[in-house]
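Hi everyone, thanks for making time. Let me put the sequence and the structure up, and then we'll walk through how some of the pieces pack.

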Amino acid sequence: MRNTLVRMVLLDLSGVCYLAFGTRAGPTPTVTQWVLAVVAFAVALVFHRRPLANLVVQAGLLAIAIPLIDDFTINQVGASWALLEVTMRVRRGRTIWLAATLLAVVDLTDSIGDPLGRVASGLVGLTPEVGVPLLLGLVIRTNRELSRQAVERAAAEQRRHESESRAARADERSAIARELHDVVAHHVASMVLRVGVARHVLTDLDPRVGQVFDDVHGTGTAALAELRRLVAVLRNPDGVRGDAALTAIEPSALPAALGATVDRARQAGVTVEAEFDPAIGSLDAVRGLAVLRLTQEALTNVAKHAGTSALARLVVAVRDGAVHWEVSDNGRGGVPAVPPGGGHGITGMRERVEVLGGQLEAGPTDTGWRVRTVLPAVPAASAAGPSAVSVPRDREAPAGSPAPEAA
């Protein structure tokens with residue numbers, strides 16, 4: 001609509017310039033010619049949003065101007081331009097042809113009573129007055145329609161591509177869910193069941209062995225519950241989207257979750273010295289879950305590769321809103337609790353960190369192995385002071401071991 005108003009303003013200015021400067025070589029415009037021109041200018045501006053009404057009025061002014069003045073170019077151009085606007089903007093094709101017929105009839109009134117030759121000349125004169133605006137308007141109209149169809153086809157193609165992508169992802173999720181349910185969950189459930197049977201059948205066990213059985217049974221049961229929730233998410237992501245246990249952790253629960261992770265590592269025989277910044281209780285849920293998962297994987301790797309008699313140090317600190325996390329070990333343990341294999345733990349840790357904008361560093365040190373990262377600050381995160389508290393230790397570090405680093 002704004003472009004239409006601009007076109008009408010430019011057309012009116014062209015008409016004023018024609019009356020003021022374009023007629024100097026001929027007769028001076030009469031008062032009637034000025035009046036009809038000014039009315040045509042005003043109508044074009046007033047009805048710029050209503051092209052059909054503008055055409056009717058412009059055609060009427062042309063019909064009045066033809067018998068009254070000799071030079072009715074202004075009114076003729078105004079009517080032709082109105083036909084162009086009608087052709088471009090009116091939806092119904094029938095209306096366009098009726099408007100063209102109206103303008104042609106009005107133009108031919110100038111030939112009434114003339115000889116046949118002049119009538120034929122008037123018919124030919126309809127070409128620039130009616131044919132050109134009609135043809136130009138139809139071309140513009142067709143181009144607009146083709147552009148609109150192209151946009152619709154592109155949108156439909158994008159929707160189709162997105163639908164195929166969603167279907168492919170759904171198939172992949174279903175396949176993963178089947179494997180988790182039929183293989184992993186089945187074996188975990190079998191192990192939990194056998195440990196539970198062993199707890200009841202072996203009644204004269206050493207209390208320490210019974211404690212290990214209880215820990216294995218509890219850990220397996222928790223792992224099985226998480227596997228079932230994960231399978232539910234893969235099967236129907238929308239139905240369990242509110243389950244924060246799979247995607248986030250409540251900030252206030254992070255210190256307790258980290259403490260439980262440290263306790264499980266200590267129960268496996270690893271000596272863990274841990275220092276947590278009190279500010280971790282105010283971390284956002286996504287980074288809190290990342291810290292928890294990184295800690296679980298890192299301490300598991302210590303038990304697997306450094307041995308259960310290794311000394312591990314865990315440091316989690318918040319400085320200027322960024323989370324500084326590090327796990328290191330002395331690497332001088334005995335035989336690993338689990339034989340080393342080609343796992344994907346470090347790869348998964350690195351991917352989890354990179355999603356949050358950080359970089360994971362993992363590699364050997366002078367005394368063992370270290371893995372660390374810095375999770376960048378986010379607006380929702382709260383900065384905290386450097387004070388730290390230590391997690392109680394079941395076992396003291398071996399004599400001569402280095403003291404833990406302060407957070």
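So, which residues in helix 3 meet which residues in helix 5? From helix 3 we have Leu52, Leu55, Ala59, Leu62, Ala63 and Ile66, and they meet Thr95, Ala99, Leu102, Leu103, Val106 and Asp107 in helix 5. Contact here means heavy atoms within 4.5 Å. Helices are DSSP runs of H or I with at least four residues, numbered from the N terminus (strands are E, at least two).

Quick housekeeping: this is a predicted model, where local features need pLDDT of at least 70, side-chain atom pairs count only at pLDDT 80 or more, and totals for chains, interfaces and linings use all residues. Residues are numbered from 1 along each chain as its sequence is written, and side-chain values use heavy atoms, with hydrogens and water left out.

Back to our pair. Helix 3 (residues 51–68) and helix 5 (residues 93–108) pack at about 10°, with axes 9 Å apart. That makes the two helices, helix 3 and helix 5, roughly parallel. Axes are lines fitted to C-alpha atoms, for helices over the stretch in contact, and angles run from 0 to 180 degrees between N-to-C directions. Under 35 degrees counts as roughly parallel, over 145 as roughly antiparallel, 65 to 115 as roughly perpendicular, and the rest as oblique.

Helix 3 has another partner, helix 4 (residues 73–89): their axes come within 8 Å and cross at roughly 160°. So helix 3 is roughly antiparallel to helix 4. Their crossing is left-handed, meaning the near helix is turned anticlockwise from the far one by less than a right angle (clockwise would be right-handed).

Helix 9 (residues 285–306) and helix 10 (residues 345–355) have axes that come within 10 Å and cross at roughly 160°. They are therefore roughly antiparallel, and this crossing is left-handed. The contact includes Leu289 and Leu294 of helix 9, and Ile346 and Met349 of helix 10.

Last up, charges. How many salt bridges are there? Nine, counting a side-chain nitrogen of Lys or Arg within 4 Å of a carboxyl oxygen of Asp or Glu. One joins Arg160 to Glu164, with the closest N and O atoms 2.4 Å apart. Both sit in helix 6 (residues 116–201), four residues apart, about one turn of the helix.
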